[in-house]
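I opened the model to look up helices, strands and aromatic rings. My notes follow.

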Amino acid sequence: MAKKSSKSPAEKQPLDPMPARVDPCLATLVDKPPKGPDWVFEVKWDGYRLAVHIEPSRVRIITRGGYDWTGKFPSIADDARRLAVTSAILDGEAVVLDDKGRSDFGMLQRALGRLPTPYEAGAIVFYAFDLLYLDGRDLRREPLRERRRLLEPFVAGREGAIRLSEEVQADGDEFLRVACAHGLEGIIAKHREKPYRSGRGDWWQKITCRRRDSFVIVGYEPSTMAGAIGRLLLAAKKGEGLVYVGGCGTGWSHQESLKLRELLDEIRTDKPAVSLRRKGAVFTRAALVAEVEYRAWTEDGKLRHPSFKGIRERADDATVFALK
C-alpha cells in the first residue's frame with residue numbers, strides 16, 4: 001500500500017522564481033474617470049514610483065527606470081525588513097507629506113538632498129498600492145482584487161515608512177472633485193479584474209487636476225539677482241532628439257534658485273542640446289530633468305504658465321515628456 005504524502009497541494013506547487021526587476025504598469029491619461037462597478041480609485045501620489053524587493057537576505061529598492069536606489073531610502077528599506085513576509089515585491093510611490101497630508105514632490109526632492117531642506121530622509125513614506133510577488137508566488141497573473149487582498153493584511157494600519165495606499169470604491173467624478181478641492185494632483189482608476197501588465201494600458205487610468213510633466217533642462221537664463229536663476233530652459237523628447245518647449249521662471253525660493261544655479265553650472269556646455277539662440281543664456285548638458293506643472297500648450301508648442309516643482313537626474317528619465 002502506497003504511503004500518502006503529508007504535503008498539502010499548496011506545498012507541492014513549485015515556487016515561482018522571484019524576478020530581479022518588473023517593468024511597472026503605467027496609467028494612461030484620460031479626461032474623465034471611468035464608470036462601472038469593476039473600477040476602483042486611489043489618490044494619485046506625487047512622488048517617485050518604486051518597487052520594494054524583499055528577499056530573505058536583503059532589501060532592494062528599484063526605480064521606475066530600473067536603478068537601485070536602496071541607499072537613497074534607508075527608512076523604507078529598514079521598515080521593509082519588519083514586514084511579516086519572507087519574500088515580496090511591493091509596487092508603490094515614495095512621497096513626503098505636507099502639513100495637510102498631501103504629497104509634495106518638491107519636499108521629496110529636498111529630503112533626497114537635491115535642494116536646500118529642513119526635511120530628512122526619514123520623512124519619506126512609501127505608499128504600497130500593489131503586490132507583485134509573495135513568498136514564492138508570482139502574483140502578476142492574478143486580478144487586482146486578489147493582489148490587494150493579499151497585500152492589505154501586512155501593510156494596512158501601519159504608521160511606519162511603509163503604508164497602504166487606500167482603495168476607494170466611489171463615484172469617480174465625485175472622488176475627482178473632492179481630490180481637486182483638497183489640492184491633490186489627481187486620482188488613479190484601476191480595473192479590479194485585470195492582471196498586472198507592464199507598460200501603459202487602459203486598465204490603469206489617471207485623471208489629473210492640472211497638467212504635470214517632466215522636461216529636460218538644457219540651460220538657464222541668469223537672474224538679475226547675483227548667483228540666481230532667472231528662467232530654466234526646457235526641452236521635450238521628439239524622436240531621438242530634443243525640442244525646446246519654453247522657459248520656466250517660477251516655483252522656487254531664492255535659496256533654491258542659488259542651489260539650482262550651482263548644480264547647472266557644474267554641467268555647462270558650449271554645445272546646446274537644442275536649436276536655440278538666446279542672448280545671455282547659459283547652456284548645460286541634458287543631464288537633469290525638471291518636474292513642471294503647467295496649464296496648457298501655446299499654439300507654437302511652448303508651455304503655458306509653467307511652474308517648477310523639483311528636479312531629478314536624467315539617468316532615470318523614463319518620465320520625460322515626448323512630443324508626437
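I take buried as under 20% relative accessible area, exposed as over 50%, and partly exposed as in between, with a 1.4 Å probe and protein chains only. Helices (H or I, at least four residues) and strands (E, at least two) are DSSP runs, numbered from the N terminus. This is a predicted model, and I keep its limits: local features need pLDDT of at least 70, side-chain atom pairs count only at pLDDT 80 or more, and totals for chains, interfaces and linings use all residues. Residues are numbered from 1 along each chain as its sequence is written, and side-chain values use heavy atoms, with hydrogens and water left out.

**Entry: helix α5**

I started with α5, residues 172-181. Gly172, Phe175, Leu176 and Ala179 are buried there. I looked down the axis of α5 and found these buried residues within an arc of 100°, so they line one face of the helix. The arc is that of the directions from the helix axis to the C-beta atoms. The general rule is that an α-helix has 3.6 residues a turn, so residues three or four places apart point the same way. What do the buried residues of α5 pack against? I found β2 (39-43), β9 (186-191) and β10 (199-208). Contact here means heavy atoms within 4.5 Å.

**Entry: helix α6**

Next I checked the length of α6. I listed the buried residues of α6: Glu256, Ser257, Leu260, Arg261, Leu263 and Leu264. They fall within an arc of 160° seen down the axis, so they line one face of α6. Their cover includes α3 (105-111), β11, β12 (229-238), β15 (288-294) and β18.

**Entry: strand β15**

β15 is on that list of covering elements, so I followed it: 7 of its 7 residues are buried, and β15 is largely enclosed by the rest of the structure. In a regular strand the side chains alternate between the two faces of the sheet. In β15, Leu288, Ala290, Val292 and Tyr294 point one way. Val289, Glu291 and Glu293 point the other way, and all of these residues are buried.

Which way does β15 run against β11, parallel or antiparallel? They run antiparallel, joined by 6 bridges. Two strands pair if DSSP finds at least two bridges between them. Val216 has Val289 of β15 as its bridge partner. β15 and β18 also run antiparallel, with 6 bridges. Leu288 has Glu313 of β18 as its bridge partner.

**Entry: aromatic rings**

I paired rings of Phe, Tyr and Trp (its six-membered ring) if their centres lie within 6.5 Å; planes under 30 degrees apart count as stacked, over 60 as edge-to-face and the rest as tilted. By this rule I count 12 aromatic pairs. One of them is Phe215 with Trp297, edge-to-face, at 6.1 Å centre to centre and 70° between the planes. Phe215 is in β11 (residues 211-222) and Trp297 in β16 (residues 296-297), 82 residues apart, so I note a link between distant parts of the chain. Phe215 has 0% relative accessibility and counts as buried. Trp297, at 22%, counts as partly exposed.

I then looked at Trp252 and Phe308. Their ring centres are 5.5 Å apart and their planes at 65°, so this pair is edge-to-face.

**Entry: charges over rings**

My test was NZ of Lys or CZ of Arg within 6 Å of the ring centre and within 35 degrees of the ring normal. Lys72 lies over the face of Trp69, 4.9 Å from the ring centre. Arg197 lies over the face of Trp203, 4.8 Å from the ring centre.

**Entry: two single residues**

Arg277 is in the loop between α6 and β14 (282-283). Is Arg277 buried or exposed? Arg277 is exposed, with a relative accessible area of 86%.

Asp138 is in β7 (residues 137-138). With a relative accessible area of 9%, Asp138 is buried. Leaving out residues up to four places away in sequence, Asp138 touches Asp16, Leu132 and Tyr133.
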